Amino acid sequence: MKRWWMLVGLTALILVLSPFSGTDIGKLRPAQWVYLSREKTIVRLETDTGDRGEGEDVLSALEDLRRSAPGELFLETSDYVLVSGDAIKDLPGLSKLLRSGVEVCLAEGEPNETTAAYLRAHNPGLTLRDFSSGEGKLPVLVMKEGRCELVDGRWGEE
């Protein structure tokens with residue numbers, strides 16, 4: 001019986017002294033898609049949650065995005081990466097930050113609130129891993145007047 005209480009006491013002590021702290025689930029902001037774009041020397045990251053960040057590269061844009069988000073931005077839930085034609089060269093920077101199974105497509109137009117639902121129904125099919133290894137064509141998601149259409153892909157860069 002003494003061993004039982006010692007085990008309970010030791011477990012309680014470990015939990016109290018643990019360096020890991022929990023995250024308030026109410027503060028999490030899970031993203032479904034990440035939009036990567038570039039305007040001259042500024043890289044922009046945007047999510048379906050409405051959060052945005054800018055910087056000289058992907059990492060600094062991500063830092064700005066997380067700093068300005070009104071909660072804990074959770075990019076690990078992202079299923080899709082949309083990339084503008086000007087930012088294709090920045091896409092490898094995202095491969096270090098997101099799951100390799102995230103699906104990728106070239107974005108023509110601005111993503112909106114229906115983009116994630118459309119992509120779930122029409123599956124782009126090219127993962128970040130496949131794109132990075134040069135396998136497959138980059139599908140194009142045309143977004144115009146609030147509507148989406150996935151069209152035939154293109155190889156890598158335009």
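This is a predicted model: local features need pLDDT of at least 70, side-chain atom pairs count only at pLDDT 80 or more; totals for chains, interfaces and linings use all residues.

Residues are numbered from 1 along each chain as its sequence is written, and side-chain values use heavy atoms, with hydrogens and water left out.

Q: Which residues touch the most other members of the largest nonpolar core?
A: A nonpolar core is a set of buried Ala, Val, Leu, Ile, Met, Phe, Trp, Tyr and Cys residues joined through side-chain atoms within 4.5 Å. Buried means under 20% relative accessible area, exposed over 50%, and partly exposed in between (1.4 Å probe, protein chains only). The largest such core has 27 residues, and those touching the most other members are Leu-36, Leu-45, Val-83, Leu-91 and Leu-94.

Q: Which helix gives the most residues to this core?
A: Helices (H or I, at least four residues) and strands (E, at least two) are DSSP runs, numbered from the N terminus. Elements that each supply at least two residues of the core include strand 2 (33-39), helix 2 (58-68), strand 7 (103-108) and strand 8 (138-144). The most, 4 residues, comes from helix 2.

Q: How many residues are in the other core, which includes Tyr-118?
A: This core lies apart from the largest one. Among its members are Ala-107, Tyr-118, Leu-141 and Met-143, and its residues number 12.

Q: Which residue forms a salt bridge with Asp-90?
A: A salt bridge is a side-chain nitrogen of Lys or Arg within 4 Å of a carboxyl oxygen of Asp or Glu. The closest N and O atoms of the Asp-90 pair are 2.8 Å apart, and the partner is Arg-38. Because Asp-90 lies in the loop between strand 6 and helix 3 and its partner in strand 2, the pair ties together parts 52 residues apart in sequence. Asp-90 is buried at 11% relative accessibility, as is, at 16%, Arg-38.

Q: Is Arg-52 buried or exposed?
A: Arg-52 forms a salt bridge with Glu-46, the closest N and O atoms being 3.6 Å apart. Glu-46 is buried, with a relative accessible area of 15%. For Arg-52 the relative accessible area is 56%, so this residue counts as exposed.

Q: How many residues apart in sequence are the parts that Arg-99 and Asp-79 tie together?
A: The side chains of Arg-99 and Asp-79 meet in a salt bridge at 3.2 Å, N to O. Arg-99 lies in the loop between helix 3 and strand 7, and Asp-79 in the loop between strand 5 (72-74) and strand 6, so the parts joined are apart in sequence by 20 residues.

Q: What is the relative accessible area of Thr-115?
A: Thr-115 lies in helix 4 (residues 115-122). Contact means heavy atoms within 4.5 Å; not counting residues up to four places away in sequence, Thr-115 touches Trp-33, Leu-82, Leu-141, Met-143 and Cys-148. Thr-115 is buried, with a relative accessible area of 0%.

Q: What distance separates the C-alpha atoms of Leu-126 and Gly-101?
A: Leu-126 lies in the loop between helix 4 and helix 5 and counts as buried at 5% relative accessibility. Leu-126 and Gly-101 are 25 residues apart along the chain, and their C-alpha atoms are separated by 8.7 Å.
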